[in-house]
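Please consider the sequence and the structure shown here, beginning with the fold of one chain and ending with the contact between chains.

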Amino acid sequence: MPYSAEISREHPTAFLFLLDQSASMQDAFGGAEQTGDAAPSKARVLADTVNDLLQNLVLRCAKEEGVRDYFHVGVIGYGERVQRLIEPADGQGAGTGLVPISHLADRPRRMEERVQEVSDGEGGTTEQRVKRPIWFDPQAKNGTPMCQALDLAAQSVRRWIDEHPRSFPPVVVNVTDGEATDGDPLRYAQQLREFATDDGEVLLFNVHLSESEATPVELPSSSDELPTDAEYAETLFQMTSRLPFSMRSAAEQEGYSVTLDTRGFVFNADPSALVTFLEIGTRPSNLR
Amino acid sequence: MPPATPTVTYRHLSVPKHDGDEAVSEDAAAVRTDPSPLRAAVADGATESAFAARWATVLVRGMVDQAVTPEALAAALPDWQAEWRDAVATRAHDAPWYVQAKAADGAFATLLALELSREGRWRAVTVGDGGLFQLRDDRVHVAWPTADPEAFTNRPALLPSRPARPVSEPEPTTGAWRPHDVFLLATDAVAAWLLRTDPLRARDWTADTFREAVLAARAEGTLRADDATVLILEIEETSDGEAA
C-alpha cells in the first residue's frame, strides 16, 4: 500500500514549504479590514504560522537526549526572487535544500521570549515564559514566480529521493495568495508530482490565502465545490494531490468529512484554516 | 478455598524498539512479591514525549505500592507527578529550547497493573492499551481489555506527568485465579501481536526465545516496530498463610 512507510531515522520523510512573498502579501487577509482589526499582513501571519509549524515539527522529534532526524525540512520563498529561506549547515542537505530537523532545531535565526498563560492544574492559570525560535521573517515584494518555485522544489525532491528511495515521499506545501506571474504552474506541478519513492509519488498540497470574506473551501473532493469566478482556483485544484490515508484520518479527527478524492487544497483560507491544514498536511504517518 | 498466598515466579522480558547500540526502551515493568498481595505493573512511555521512560518507571514503581483500583491510582497520581517533575527539573534547566519545551509539555504513558489476593481473587486496572491475559490449561481464559488485535490504535488513553493535562479515566476489572494459571501483562505492540497469533506461546518464552520471536516477527511485519515488553507470572502453587 502506498503512503504507509514508517518514518524512522533511517527512513525519514521531507517537508518542503513554498511561500508566496509577492507584493500582495503585504495586504491583510480578506475581511480583516471590514471587521476593524488592526490586521497584520498575510506575510506576517504566514511567517508566524510557519515558524510555529517548524517549532512543532522539531518538538515532535525532540527527546531528552536531542532531536531525532525523522524529518528533513526546507522552505522556499518566491517573490522578489526565488530563494531557499533555510540554509543548510555545512554538508547537511547541500544540493537538496532539505535540512535534517536537528540542524534546524539548533540553528534558529534568533530566539524570542514571550509570556503565555498555562493552567496551574488547580483550575487557575499562571504565567510562564517560553522561548520561541524564529527561522525567518516576513517579506512581500514584486510578482508571484510560482513556476520557478515549483521547479526549484522539483530539483530538491529529486535529489532527496535519490538518497531516500524507500522513505515516505516528500510533502510539498505551497501557500499563495494569487496567480502565478511566470507561466502555467500546472505543468510544473505535474512534473514535481511525477517524482516518487517506493512508497508513493511526491505529494503537493496548495493553500490559497483569502482576499475576500467568502467562506474558505477546505479539502474539496471535486472542483464543483470551488467558486466559478476564479479560474486559478481550478488550476490550483488540478495541481493538488489527493490526501493519503494517514492525512484523511487526521482530517477526520479535525472534523472534516473526507472521501478517497479529497484533495490537500484550501481555497480562500483564513489564518485558522491555514493552521489547521498545515497540521493535517504534516501528519504523514506515525513516527517509529 | 482457604486463604492462600500465591507462590509466583515471574519473568520480565523486553526488547527495545531499536535493536542496536542506541537501544533505550521507554517501557517499564515492576513486580512486588512481598508482602502479600502480589502486584505487577507495566507502563509504556509515549514516543512523542520526552523523559517518558522516567515517567513509565515512576508509574510502575508507584503502582505496585498501591491498591490496584482506579481510586488509589487517582489519589497517588499527584505524588508521582511531583516525583517526575523533580527528577526532570535539573536535567531540563540548562538544556536547549526544545528539551525545555518538551519537559514543560510533560511525558505521557499507558499503565496496566494486576493484584492477586490471597482469597483467590485478582483485580486489574488500566489506562491505555496494555493487554492482560490469563491463561488456564491450554486456553486463553481472559484477554482484557480487548480480544481484538485491530482495536489497537496509535492514540491510546494516557497518564500525563504534568497536572495541567487531562487524565484518562482508569478502567478496572476483576477475576478469580487458581494454581497453575499464567498471567501476561504486555505493552501494546506485544498484546496486539499475541492476539493476532497465539497468547499461549508466551508461556514458554525465555529472554532469548522472546528476543528471537520479536526480531523475527518485526522482520515479517506481524509485530510493530515498538518497544516490546511482557511480564509473565506463573502461579506455581499456593501455600497456606496467615493473613497478611
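The model is predicted. Chain A comprises seven helices and 14 strands. Its C-alpha atoms occupy a box of roughly 55 × 50 × 40 Å along the principal axes. Of the 288 residues in chain A, 46% are buried. Among contacts in chain A between residues at least 6 apart in sequence, 75% join residues at least 24 apart.

Helix 4 of chain A, residues 185-194, shows how burial is arranged within one element. Its buried residues are P185(A), Y188(A), A189(A), L192(A) and R193(A). Viewed down the helix axis, these buried residues fall within an arc of 135°, and they therefore line one face of helix 4. An α-helix has 3.6 residues a turn, so residues three or four places apart point the same way. The face turned away from the buried side carries the exposed residues R187(A) and E194(A). The partners against which the buried residues of helix 4 pack, within chain A, are helix 3 (146-163), strand 9 (171-176), strand 11 (200-201), strand 12 (203-209) and helix 5 (231-239).

Between the chains, 15 residues of chain B are in contact with 18 residues of chain A. Helix 3 (residues 97-105) of chain B gives the most to the side of chain B that touches chain A, contributing five residues. By class, that side of chain B consists of nine nonpolar, two polar and four charged residues.

Conventions: Residues numbered from 1 in each chain as written. Chains lettered and ligands numbered in written order. Predicted model: local features only at pLDDT ≥ 70, side-chain atom pairs only at ≥ 80, totals over all residues. Contact = placed C-beta atoms within 7 Å. Helix = DSSP H or I, 4+ residues; strand = E, 2+ residues; numbered from the N terminus. Nonpolar A, V, L, I, M, F, W, Y, C, P; charged D, E, K, R; others polar. Buried ≥ 20, exposed ≤ 12 C-beta atoms within 10 Å, placed from the backbone. Arc of directions from axis to C-beta.
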